[in-house]
Amino acid sequence: MKVLSNAEEGSDVIVESVGCGRELKRRLSELGIHVGSKLHILKNDVSGPVIVKVKDYRLMLGRKQCGEIHIK
Amino acid sequence: MINIALAGNPNCGKTSLFNSLTGLRQHVGNWPGKTVDKKEGKLTYKGNNINIVDLPGIYSLSAYSMEELIARDFIIDEKPDVVLNVVDATNLERNLYLTIQLIEMGANVIVALNMNKYAKEKGHKISHKVLSKLLGVPVVKIEAVEKISKSDLLDLILLDSRKKTKNKISYGFEFDKHILDLEEDLKKINIDNPKWIAIKLLEKDKKVKVNNQKIVEKSRKIRNHLKEGLGQGVIASLAEARYAFISGLLNESLEKTKIDRKTKSDIADRIITNKYLGVPIFLISMLIMFFLVFEFSLPLMDLIDKGFGLLGNYVITYFGESWVSSLVGDGIIGGIGAVLVFVPPIFLLFFALSILGDCGYMARIAYVMDRFMHRIGLHGKSFIPMVMGFGCNVPAIMATRTLESRRDRILTMMINPFMSCSARLPVYVFFAGAFFSAYQGLVVFSLYLLGIVVAVVLGLIFRKTMFKGPSAPFVMELPPYRIPTLKGALIHMWENGSQFLKKAGTIIFVAVIIIWSLSSLPLGVEYASQESYIGQIGSFISPVFGPLGFGNWQTSVALLSGLVAKEVIVGTFGTLFGGEETVIDSLHETFTPLSAYAFLVFVLLYIPCFGVIAVIKKETQSWRWPIFISVYTVIVAWIVSFIVYQGGIYLGFS
């Protein structure tokens, strides 16, 4: 299954599931990252955080967290 | 008295609005029992006294962080007459999430759309009238960065403070049905704000308690029922439902005329956060910043230093040599001078840092340095206090408040003092000038670098021992680049600078008096001579420094005085070696180049200063960490200095 940490830079993806802990899941859903939200991958180098565009703003997510966000 | 609370997301321009409404009649304190700043301001308008409280910048009211909890408790307990919700018009969707939650809570909300200029640039046409109708609260456009029509806004606040907002938000048929059901039950037992309580029961909010077993049981059943039907937790579904409501709102009220997705900030980010260019750009901008800060502050520091020196001497010559004149001249005036000499670099540094933050670059530093910080078990956000540490570790320790987890905060505090602060620079420069005239710059630079290396090594050790476990999740907004305003930077500089003066100032002052007393007593001894108490203490501890190459009592005394603030070390050598003319010669008799370098290494690494210790005590609310850091930095300083000195001898240096 594809996760956010290996999404291609410049691509558009849709969140399929968010697999992290309860608190973080709530946090992410409030920031606009929930099942079905559309993300544009602004930056994804081999290491370091991933920058996505979501709901018209830029959000930076740690690589570890990105490994828990499944996309399609 | 009309009470207003200002609420909004971080970076929405809330602080600028607060400043323009209250001017300088504001007061910064702490929330009771918390280390988060509480800003309050007053104004009078048309005979009404208005009190404005600036709530912390937050994304939601779920009590995820301390800031959110504070904002939420304030709205519930203090019931402000109006909650003025500042909304960034360029980013309506996410900003309105908080608005929805504020309305849910039953707050009397006015939405102030800010940054309209930027929204227009982006091609976003917003109808605030439609938005107002659909949300059921007044919506006005303001522009906090420029002059706002203050009176219009205040008129609206006066009018609205007498009304009550009605929650018109819909969460979709299924949710609405169950919320209404619970709401009816709650109404029967006379609970305030039943709709909000109903939602919170469904979200299983830990902070909301209802003393009615029947209703609690019912909410549990509904929750399970919803969970099955939705295939995921209620919290996530409700968040989605709020976003669905918002996108419905925006369908009617927002028109996007351009579909250009690449903003100017995105283009700038391609360079600034580039894999290869990111770090060099960061280093160059730091270099420029420090160069400017020191270039402007050094002459001012010199002036203050000389001014207080003259004043002190004047007092002593005018009143004759006695212990009273010495207390006033050397002790009190010297003490005030020791504090005030910090004012120029610290204020200028706060000014520069505030510009870095306001223009949006600080968040990019967190991105660029995340990779590096990960190796020591922290993430990019922890790097921001470390950058500030190059200026002064007192505000840097305060800046760790932005880190979510206590583990990350304390770990950052433990390694932060190894960043060479501006107070250490005069010592480096003084010794480098005396011993390494050909390689001054290189010597100073090597010390800055050594501080970073030691911080990294200790971070690695701590991560494997005392601070096991993962760092907090890294989730951070990258705000758009914006041109900072002079007024904003000045206010920020003043707030932080005066806080530093209050917190560190008193401690430095008291410490100076203690050092003075130890140098003057017992009565009749020559100031800071070997017979004085401080000289005796110095003689007693000096053998410890023997293996490091500086085991004489004068150096020990200088190190003791450096606990007040490290730049005091220079002055102490001046006093001990009889004035500026002879001090260099005496230093050459006391130190070899190798032992001078070992000494500088020790100065870099040992106990930062009383100010930092005090601020760590305040921030961690315990004596454990300040004591720990005092002990372990001395041990680290001794070991590294030992390696430098003995290693140097082994390699044939002297």
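Modeller: A residue is called buried when its relative accessible area is under 20%, exposed when that area is over 50%, and partly exposed in between, with a 1.4 Å probe and protein chains only. This is a predicted model, in which local features need pLDDT of at least 70, side-chain atom pairs count only at pLDDT 80 or more, and totals for chains, interfaces and linings use all residues. Residues are numbered from 1 along each chain as its sequence is written, chains are lettered from A and ligands numbered from 1 in the order in which they are written, and side-chain values use heavy atoms, with hydrogens and water left out.

A salt bridge here is a side-chain nitrogen of Lys or Arg within 4 Å of a carboxyl oxygen of Asp or Glu. Over all chains, a search of the whole structure finds 29 of them. Side chains of opposite charge can pair when their charged atoms come close.

Take the pair between chains. Glu68(B) and Arg27(A) form a salt bridge through their side chains, at 2.5 Å from N to O. The pair runs from helix α2 (residues 66–78) of chain B, which holds Glu68(B), to helix α1 (residues 22–30) of chain A, which holds Arg27(A). Helices (H or I, at least four residues) and strands (E, at least two) are DSSP runs, numbered from the N terminus. Glu68(B) is buried, since its relative accessible area is 0%. Arg27(A) also counts as buried, at 11% relative accessibility.

Within chain A, the side chains of Glu16(A) and Lys72(A) meet in a salt bridge of 3.7 Å, N to O. Glu16(A) is in strand β1 (residues 12–18) and Lys72(A) in the segment after β5 (69–71), so this pair ties together parts of chain A that are 56 residues apart in sequence. Glu16(A) is partly exposed at 30% relative accessibility, and Lys72(A) is exposed at 58%.

A further pair sits inside one helix. Asp302(B) and Lys306(B) are joined by a salt bridge of 3.1 Å, N to O. Both belong to helix α12 (residues 278–319) of chain B and are four residues apart, about one turn of the helix. Asp302(B) is partly exposed, with 40% relative accessibility, while Lys306(B) is exposed, with 54%. Elsewhere, salt bridges that share partners link Arg72(B), Glu104(B), Lys200(B), Glu203(B), Asp205(B) and Arg242(B) into one network.

Now the nonpolar side. A nonpolar core is a set of buried Ala, Val, Leu, Ile, Met, Phe, Trp, Tyr and Cys residues joined through side-chain atoms within 4.5 Å. The largest one has 122 residues, and Phe431(B) and Phe573(B) have the most contacts inside it. Helix α26 (residues 593–605) of chain B gives the most to this core, eleven residues. Another core, apart from it, has 57 residues, including Ile58(B) and Phe245(B). Contact means heavy atoms within 4.5 Å. Setting aside neighbours within four places in sequence, Phe431(B) is in contact with residues including Phe573(B), Phe599(B) and Leu600(B).

Last, the loop between β10 (475–478) and α21 (486–520) of chain B holds Pro484(B). Pro484(B) is partly exposed, at 27% relative accessible area. Not counting residues up to four places away in sequence, Pro484(B) touches Ile355(B), Asp358(B) and Cys359(B).
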